[in-house]
Amino acid sequence: MDTPTPLYLTRQIRAIEAAAFQREPSYAVMTRAGRAAARWLDGVAPGGGTLLFVAGPGNNGGDALVAATMLHRAGRAVRVWLLAPPERLPADASQAWHDACVAKVPTDILPPPAPAAGMAPYVLPAFPPRMSAIVDGLLGIGLSRAVEGDLVTVIEQLNHAPVPRFALDIPSGLQADTGVAQQAIRATATLTFIGAKPGLYTGQGRDFAGTVSTDDLGLPLPDGVTAEIMLNEPACFAHALPARLHASHKGSFGNLAIIGGDAGMCGAPLLGARAALRLGAGRVHVGFLNDAPPAFDVQHPELMLRAASQIDRAAMDAIVLGPGMGQGTRAQPWLDLLNAGTPRTARHVLDADALNLLAQARTPPHLNEQDVLTPHPLEAARLLSGNIAMVQTDRLAAARALSKRYGAVSVLKGSGTVVAAPDGRLAINPTGNAALATAGTGDVLAGMTGALLAQGMPGWEAALAAVWLHGAAADRLVAQGAGMAGLAAGDLACAARAVYRELVELMQGSPGL
Ligand SMILES: NC(=O)C1=CN([C@@H]2O[C@H](COP(=O)(O)OP(=O)(O)OC[C@H]3O[C@@H](n4cnc5c(N)ncnc54)[C@H](O)[C@@H]3O)[C@@H](O)[C@H]2O)[C@@H](O)CC1
Ligand SMILES: [K+]
């Protein structure tokens, strides 16, 4: 199994670049980036038409110029639009411009977009005839704030062109560290240089970046740069998946209780419990807060349903608090039981209203790194006494702050779910899709996380595995034709089981595991 993919912040990419510039001229590094881009474009961009390279005022434009020159020399039809005065380009991009001119690459110099929107809207010239793709070299990791002024309309016009768009390093307008974008190039695919960036995978990154490929340009990691953020892949958690020995029994795979289901919300804990069964929990109990719990689950009579007060807390290996729990007087005592001084053996997953109660708690309960919080951005905002914008502006920082504040693993849901551990570890999940934006999928995730905790996986790995499997199940269902619209949360459990099984088979065939 491959090693996990590291994600690097802009300051780390700059440090890797700076170390490389000690060994070789910076233009040699740009040449490598341009060559990597040319090779990539030759493979992915449709042939038979002109590739339009849009080069901006910085070195991202330089990469585009180098790539255009190489492809032109190789006989492909290219045209470059330089949206900057050539005399104001930084040194390497200026060299790349010079080389393009020497090679007689067809170029046009367009008036530079003004930082503040002008009176008349900026209108690009007509696209070249038979244009087959746009290559985006407008802005890279030098983007320091949201795109403004004329560039907004430039990006809009490029996004409306009826051809695929290929972004170099990062779609222009997307912030590399956070995945925040007000206006950005909507790319079909992105080739990112030196190392992958978190912003390509979380927030709006997934919508703008398309398929992401990475070329490390052969630059080694200098001393002092270590990956702080990982892409959540099986290599991050597979080593901790529960083994299923032949001589085992239901007690070997843990007791899990899902507590919730106040009046009118009985379905939520059932969704979690059914998913927990499918991820291998030994015994799954559902404790309902409402007065008249259902006698059994018609779909899964294996589940043990009872009033929450009848759950033997001490016998549980894991407890999920929250699905359909409400914030009433029957819910609060379950949070109070987490206070320091109250003995407990079970690891806890806190979801939905359990998180809202946690946010209101005067003395935060005693949680540890084996417990998992699974907030969506609004719940995270309440937990951090902030607002959604604050959370979404830097999802990594928000997840890290949550874990630090509460001492537990946190799972900040949303596009590119972020998982954080109290010791500072961070991961971004690449699986999942918009089909998950429907009621009940959070209950399923909480149940899956509880199932893995009950089977003895540590908090960090259980959260990573549950999030990955949950997303991969949705990806599989969509690939099979269920969704995007209309995927029901209850569909996920069996698909997650199938993905899980394949993962285990892969591990068994993989020598290092
Ligand atoms: N030798 C080199 O210098 C190398 C450069 N590389 C490329 O260089 C890029 C970084 O280059 P730069 O640091 O020059 O930066 P960029 O090319 O990303 O952009 C810098 C320019 O964008 C403008 N800008 C920043 N924020 C803006 C905003 N919100 N609205 C409008 N304009 C804005 C700046 O004023 C500046 O003119 C990387 O992304 C990568 O593509 C890499 O290929 C590695 C080698
Ligand atoms: K770009």
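This is a predicted model: local features need pLDDT of at least 70, side-chain atom pairs count only at pLDDT 80 or more; totals for chains, interfaces and linings use all residues.
## Ground rules

Local features are taken at pLDDT of at least 70 and side-chain atom pairs only at pLDDT 80 or more, while totals for chains, interfaces and linings use all residues. Residues count from 1 along each chain as its sequence is written, and chains are lettered from A and ligands numbered from 1 in the order in which they are written.

Let's start with the strands (DSSP runs of E, at least two residues, numbered from the N terminus, just as helices are H or I runs of at least four). Eleven of them make an open sheet with mixed pairing, in the order β1-β9-β18-β17-β16-β15-β14-β13-β10-β11-β12. At the edges you'll find β1 (6-7) and β12 (304-307); each has a single partner strand, so one side of each has no neighbour in the sheet.

Zooming in on one pair (strands pair if DSSP finds at least two bridges between them), β17 (residues 418-420) and β18 (residues 426-428) run antiparallel with three bridges.

Helix α16 covers residues 492-508, 17 residues in all, and spans 24 Å from first C-alpha to last, close to the expected 24 Å. That expectation is 1.5 Å times one less than the number of residues.

Which residues of α16 are buried? They are L492, A493, A495, A496, V499 and Y500. Seen down the helix axis, they fall within an arc of 160 degrees, so they line one face of α16; the arc is that of the directions from the axis to the C-beta atoms. On the other side, R501, E502, E505 and Q508 are exposed. Here buried means 20 or more other C-beta atoms within 10 Å of a residue's own, exposed means 12 or fewer, and partly exposed is in between, with C-beta atoms placed from the backbone.

## Helix α14, inside

The cover over the buried residues of α16 includes α8 (267-278), α14 (441-454) and α15 (459-479). Contact here means C-beta atoms, placed from the backbone, within 7 Å.

As for α14, 14 of its 14 residues are buried, so the rest of the structure largely encloses it. Its ends are 20 Å apart, C-alpha to C-alpha, close to the 20 Å expected. Just after α14, G456 has a positive phi of about 95 degrees.

## Around strand β7

Four of the five residues of β7 (residues 189-193) are buried, so this strand too is largely enclosed by the rest of the structure. β7 pairs in the parallel sense with β6 (residues 165-168) over three bridges, with T190 in β7 as the bridge partner of A167. β7 also pairs in the parallel sense with β8 (residues 211-215), over five bridges; there, L191 has S213 in β8 as its bridge partner.

Terms used: Two residues are in contact if their C-beta atoms, placed from the backbone, lie within 7 Å.
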